[in-house]
Amino acid sequence: MAGSSSSNSSLGFYKLLALQLCVTWLLFGVAYAQLSQDFYNTTCPSALSIIRSVVVAAIANETRMGASLTRLFFHDCFVQGCDGSCLLDDTPTFIGEKTAFPNNNSLRGFDVIDKIKSNVEAACPGVVSCADIVAVAARDSVVILGGPSWTVQLGRRDSTTANFTAANTDLPSPFLNLSGLMAAFRKKNFTAEEMVTASGAHTFGDARCTNFRARIYNETNINPEFASSKKSICPITGGDNNLSTLDVTTPYYFDNAYYKNLLNEKGLLHSDQQLYNGGSTDSQVESYSSNPANFSADFSNVMVKMGNLSPLTGSNGQIRYNCRKIN
Ligand code: HEM
Ligand SMILES: *[C@@H]1O[C@H](CO)[C@@H](O)[C@H](O)[C@H]1NC(C)=O
Ligand SMILES: *[C@@H]1O[C@H](CO)[C@@H](O)[C@H](O)[C@H]1NC(C)=O
Ligand SMILES: *[C@@H]1O[C@H](CO)[C@@H](O)[C@H](O)[C@H]1NC(C)=O
Ligand SMILES: *[C@@H]1O[C@H](CO)[C@@H](O)[C@H](O)[C@H]1NC(C)=O
Ligand SMILES: *[C@@H]1O[C@H](CO)[C@@H](O)[C@H](O)[C@H]1NC(C)=O
Ligand SMILES: *[C@@H]1O[C@H](CO)[C@@H](O)[C@H](O)[C@H]1NC(C)=O
Ligand SMILES: *[C@@H]1O[C@H](CO)[C@@H](O)[C@H](O)[C@H]1NC(C)=O
Ligand SMILES: *[C@@H]1O[C@H](CO)[C@@H](O)[C@H](O)[C@H]1NC(C)=O
Ligand SMILES: *[C@@H]1O[C@H](CO)[C@@H](O)[C@H](O)[C@H]1NC(C)=O
């Protein structure tokens with residue numbers, strides 16, 4: 001076989017060149033692997049349409065699910081990066097992030113992710129990561145519920161680990177003050193402005209009484225009628241899991257009403273009202289409240305940035321077959 005001969009010096013040169021190219025590709029291709037919007041174009045061209053159709057159905061069944069899927073993306077990306085770590089179930093020998101304080105009895109949408117995963121596995125086995133599914137599902141949710149779109153970069157791989165401690169330390173608490181909120185985002189290289197923008201996601205979805213009780217009973221920077229109306233669903237004791245919408249105006253629609261509510265001291269969480277409480281972020285809240293197009297454009301950009309948080313690429317991590325457990 002001519003190809004296997006190494007006696008021809010010219011062929012040897014080309015073999016060496018090929019080897020050299022291979023080494024270069026490994027070094028640069030893997031070490032510098034980037035996300036790209038075309039990542040599944042040849043390996044799973046139906047991936048994006050499959051994800052979208054499951055998200056459409058899930059939101060048609062329960063509008064809140066769009067908010068839940070958006071939050072899932074945030075809670076994935078802020079803990080070890082966007083690597084699907086928040087999806088892993090606990091086992092007797094492994095503790096995941098689902099029972100960490102910000103997630104326990106709160107983070108949801110796992111069944112929807114499972115449904116998407118089983119549909120994409122049927123179309124293209126072992127190709128599409130859970131981390132990418134979460135990123136696309138969040139974008140689709142925002143669009144379906146009236147918000148802006150953005151291009152989701154793809155090619156993230158899934159973690160083989162999770163970090164319960166990091167979920168407790170890196171996800172911001174609703175009891176933080178403005179400087180605490182800024183610090184939580186600074187830790188992920190987000191500016192104070194980007195923190196205010198990302199918080200606009202509280203334009204849809206729900207929160208539990210336990211997370212806003214202290215605000216409605218004890219705080220003074222709250223609209224009194226708004227506080228009383230919330231007390232009727234959030235008793236001073238008990239009812240910890242009773243729900244209220246985060247946005248009192250358009251609860252399951254993605255718009256800039258969140259910022260308008262803040263101007264009226266109708267932020268539900270302590271952390272929400274911190275963004276408009278006489279501090280340095282007041283002007284941005286005012287600006288977004290009167291300029292929805294600017295909020296939308298900024299929000300799209302901040303979600304793209306969130307999706308770039310420490311992705312696993314190249315040969316790092318794996319493509320899980322089941323989003324709830326490592327292969
Ligand atoms: C700025 C700091 C943030 C804090 C302190 C915070 C805190 C919270 C809390 C306490 C809840 C209610 C959870 C419950 O009671 O079960 C919640 C809900 C939610 N959060 Fe945040 N969050 C923040 C930023 C974000 C960001 C950046 C996003 C997404 C980009 C986001 C998206 C959501 C959504 C959509 C919901 C409603 C989820 C549902 O209805 O299932 N949040 N957040
Ligand atoms: C990949 O697919 C998307 C969606 O069909 C298309 O917009 C894009 O142009 C494709 N990119 C390449 C490089 O083929
Ligand atoms: C539809 O939403 C309800 C909650 O409103 C949930 O209990 C149910 O499992 C959902 N059904 C499907 C098929 O997703
Ligand atoms: C999570 O919530 C369950 C049910 O309320 C509770 O029993 C459990 O102790 C909580 N886990 C943690 C780690 O707080
Ligand atoms: C988990 O997260 C904590 C807090 O960020 C960090 O100190 C620790 O090193 C992480 N553990 C692993 C195994 O990565
Ligand atoms: C914000 O909270 C931190 C920690 O609880 C506290 O040390 C700090 O003094 C607070 N800052 C303001 C301006 O209240
Ligand atoms: C933030 O930026 C620093 C400096 O570029 C980098 O070392 C760090 O890994 C970044 N953090 C995250 C969470 O991306
Ligand atoms: C309100 O503040 C008082 C005094 O700090 C505290 O004892 C009480 O538990 C708080 N109530 C709520 C509902 O947080
Ligand atoms: C809230 O919780 C309390 C105590 O568990 C319960 O009695 C009440 O019916 C709940 N209210 C609503 C509006 O769900
Ligand atoms: C939104 O407005 C701010 C303040 O004027 C500006 O800095 C920012 O660039 C605008 N965003 C976009 C995407 O144009």
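**Figure 1. Ligand 9 and the side chain of Asn-242.** In this predicted model, an oxygen atom of ligand 9 sits 2.5 Å from an N or O atom in the side chain of Asn-242. The protein buries 37% of the 360 Å² that ligand 9 exposes when taken alone. Gly-239 takes part through its backbone: one of its polar backbone atoms is 3.5 Å from an oxygen atom of ligand 9. The residues around the ligand are Ile-233, Pro-235, Gly-239 and Asn-242. Which kinds of residue form this shell: nonpolar, polar or charged? Two are nonpolar, two are polar and none is charged.

**Figure 2. Ligand 5 and its surroundings.** Asn-163, Ala-166 and Thr-169 surround ligand 5. On its own, ligand 5 has 360 Å² of accessible area, and the protein covers 33% of it.

**Figure 3. The iron atom of ligand 1.** Which protein residue is the donor of the iron atom? The only protein donor is His-202. Its NE2 atom is 2.0 Å from the iron. Look for His-202 in a loop. This loop runs between helix H8 (192–198) and strand E1 (206–208).

**Figure 4. Asp-206 in strand E1.** Asp-206 belongs to strand E1. Its relative accessible area is 17%, so Asp-206 counts as buried, the limit being under 20%. Now find Leu-268. Along the sequence, Asp-206 and Leu-268 are 62 residues apart. In space, their C-alpha atoms are 9.7 Å apart.

**Figure 5. Helix H3.** Helix H3 covers residues 65–77, which makes 13 residues. From its first C-alpha to its last, H3 reaches 19 Å. That is close to the 18 Å expected at 1.5 Å a residue. Why is H3 described as largely enclosed by the rest of the structure? Because 12 of its 13 residues are buried. Among them are Gly-66, Ala-67, Ser-68 and Leu-69. Phe-73, Phe-74, His-75 and Asp-76 are also buried. In an α-helix there are 3.6 residues a turn, so residues three or four places apart point the same way.

**Figure 6. Met-65 in helix H3.** Met-65 has its place in helix H3. Is Met-65 buried or exposed? With a relative accessible area of 9%, Met-65 is buried. Tyr-252 is 187 residues away from Met-65 along the chain. Yet the C-alpha atoms of Met-65 and Tyr-252 are separated by 9.4 Å.

Figure 7. Gln-274 is placed in helix H12, which spans residues 270–274. This residue counts as buried because its relative accessibility is 11%, below the 20% cut-off. What does the side chain of Gln-274 reach? The side chain reaches the backbone nitrogen of Leu-178, at 2.9 Å.

**Figure 8. Gln-318 and the backbone of Asn-327.** Gln-318 lies in the segment after helix H14 (292–307). A relative accessible area of 14% makes Gln-318 buried. Its side chain has a polar atom 2.8 Å from the backbone nitrogen of Asn-327.

Methods:
Residues numbered from 1 in each chain as written. Chains lettered and ligands numbered in written order. Predicted model: local features only at pLDDT ≥ 70, side-chain atom pairs only at ≥ 80, totals over all residues. Heavy atoms only, no water. Near = heavy atom within 4 Å. Polar contact = N/O pair within 3.5 Å; in protein donor to acceptor, adjacent residues only side chain to side chain. Areas by Shrake-Rupley, 256 points an atom, 1.4 Å probe, with all protein chains shown as cover. Nonpolar A, V, L, I, M, F, W, Y, C, P; charged D, E, K, R; others polar. Donors = N, O, S within 2.8 Å, 3.2 Å for Na, K, Ca; no water. Helix = DSSP H or I, 4+ residues; strand = E, 2+ residues; numbered from the N terminus. Expected span 1.5 Å × (residues − 1). Buried < 20%, exposed > 50% of the residue type's maximum accessible area, 1.4 Å probe, protein only.
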